[in-house]
Amino acid sequence: MIRYLTAGESHGPALTGIVEGIPAGLPLKEDELALHLARRQQGYGRGGRMAFEKDHAIITSGVRFGKTMGGPISLTMENRAFQKDEAGWPVVMNKETEAGGIEKITLPRPGHADLVGAQKYRFDDIRPVIERSSARETAMRVACCGIARKFLKHFGIEIGGHVIQIGNVGYANWDEIREKTDSLYENGAEKIFKTADKSDVRCLDAELSEKMREEIKIQRKTGSSLGGIYEIIVTGVPVGLGSFTHWDQKLDGKIAQAIMGTQAMKGVEIGLGFEATKRDGQNVHDEITHDGSGFGRKTNHYGGIEGGMSNGMPIIIRGAMKPIPTMLKPLGTVDMNTLEQTETRYERSDVCALPRAVVVAESVVAPVIANAFLEKFGGDSIAEIEERFKTG
Ligand SMILES: Cc1cc2nc3c(=O)[nH]c(=O)nc-3n(C[C@H](O)[C@H](O)[C@H](O)COP(=O)(O)O)c2cc1C
């Protein structure tokens with residue numbers, strides 16, 4: 001089974017990742033991870049920070065002659081601000097010197113991990129909470145999960161995401177989204193992200209993209225922020241990944257955990273999701289068909305999962321992201337040191353991180369699908385899994 005851990009702070013020397021359980025013999029190059037890292041850095045609605053940082057994950061173990069060796073794969077990615085000694089970060093994040101003279105952050109931002117994190121770990125300075133809870137960590141997640149993505153691709157499973165709503169601007173309903181997207185992923189979901197990436201808000205519809213940009217511009221002017229909804233499609237998934245036999249083996253449950261385990265995510269839907277509650281059963285359940293070679297469904301309202309198992313149709317996941325908590329316009333807060341009612345202080349931040357978050361969401365889904373795949377067809381090497389997959 002694939003497991004991964006990330007370590008590192010936003011402004012520390014580097015982020016580190018360890019990915020365990022990737023079978024031996026998977027072709028893997030650093031450049032393949034760099035593709036999604038670069039995608040995570042691009043998108044309309046960015047603040048100034050990180051515009052200068054180009055992330056690159058260096059593979060430091062587990063790969064030889066361009067192929068995985070079956071052991072843990074470790075990754076390192078430097079944080080340029082620390083490495084280039086910008087804004088005094090090597091002093092602020094020094095691992096050995098005493099904290100004396102370094103300004104404490106005592107104004108918690110509503111909606112961030114600041115206050116509860118400081119209460120929980122008994123900090124009188126929010127800095128350690130900010131450093132680890134921030135979405136900088138998702139850079140290493142994208143790198144780690146990129147390896148699982150590569151594994152899936154080897155077996156014809158592709159993942160692609162796109163934005164369907166920013167603030168109040170988005171598609172009217174499920175049918176409109178299907179009309180715009182379904183023909184694009186007939187030959188694999190990567191076409192979804194490749195097409196969506198042409199829009200800086202990662203929306204497949206040009207008119208909506210323009211409206212979304214306008215929406216972000218308005219919030220940038222008012223000093224506020226915006227969230228929205230994205231959709232992730234997974235194609236090429238064989239029938240029967242996951243299981244109905246136990247609550248913790250349901251594929252939809254595991255996907256939901258991966259999405260909700262990502263910074264700023266507030267909801268998940270599979271297929272029609274909440275929209276199914278407004279329809280009668282005749283207009284929800286996907287009718288079963290057979291084309292002579294295999295079973296299919298007339299529609300895909302269930303987004304490829306029935307009874308906690310993949311049913312062979314593309315998996316369709318939606319994630320809801322809240323507006324990001326750091327904003328130019330202040331909100332009420334309390335100084336943790338003086339207990340005075342006051343206002344937050346602005347820190348440089350994005351207005352809308354949703355277009356970038358899509359890449360993170362695509363990534364975190366990959367190990368979940370890969371593990372369900374390994375559970376069914378698993379082996380120690382790619383060659384062994386290929387044999388099982390062919391006969392499976
Ligand atoms: C790709 C991405 C970028 C983000 N960028 C910011 C940001 O610039 N400023 C900010 O305050 N929050 C940002 N967030 C959200 C915070 O990390 C998140 O709200 C915070 O860690 C609290 O966790 P919670 O929202 O899950 O409760 C971002 C999240 C993601 C996924």
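The model is predicted, so please hear every value as computed from it.

I'll start with the four-stranded sheet. It is open, its strands pair antiparallel, and the order across it is E1-E2-E6-E3. At the edges stand E1, residues 3-7, and E3; each has a single partner strand, so one side of each has no neighbour in the sheet. From one strand to the next the twist averages 20°. Helix H6, residues 137-154, packs on this sheet and touches E1, E2 and E6. The direction of H6 makes about 145° with that of E6.

Now the pairings on E6. If you want a residue to look at, take Leu-75 in E6. Leu-75 is the bridge partner of Gly-17, and Leu-75 is also the bridge partner of Ile-59.

Next, the five-stranded sheet. This one is open too, with antiparallel pairing and the order E8-E7-E9-E15-E10. Which strands stand at its edges? They are E8, residues 169-170, and E10, residues 265-270; each pairs with a single strand, so one side of each is left without a neighbour in the sheet. The partner of E10 is E15, residues 315-321, with 5 bridges between the two antiparallel strands. Within that pair, Met-265 stands opposite Met-321. Helix H10, residues 251-260, packs on the sheet, touching E9 (228-235), E10 and E15. Between the direction of H10 and that of E10 the angle is about 155°.

Last, the ligand. There are 16 residues around it, and the ones that come nearest are Ser-133, Ala-264, Lys-322, Pro-325 and Thr-326.

A side-chain N or O atom of Thr-326 lies 2.4 Å from an oxygen atom of the ligand. For Lys-322, a side-chain N or O atom is 2.7 Å from a ligand oxygen. Ala-264 takes part through its backbone, where an N or O atom is 2.9 Å from an oxygen atom of the ligand. How much of the ligand's accessible area does the protein cover? On its own the ligand has 630 Å², and the protein covers 86% of that.

How values were computed: Residues numbered from 1 in each chain as written. Predicted model: local features only at pLDDT ≥ 70, side-chain atom pairs only at ≥ 80, totals over all residues. Heavy atoms only, no water. Near = heavy atom within 4 Å. Polar contact = N/O pair within 3.5 Å; in protein donor to acceptor, adjacent residues only side chain to side chain. Areas by Shrake-Rupley, 256 points an atom, 1.4 Å probe, with all protein chains shown as cover. Pairing = 2+ DSSP bridges. Contact = heavy atoms within 4.5 Å. Axes fitted to C-alpha atoms, helices over the stretch in contact; angles between N-to-C directions.
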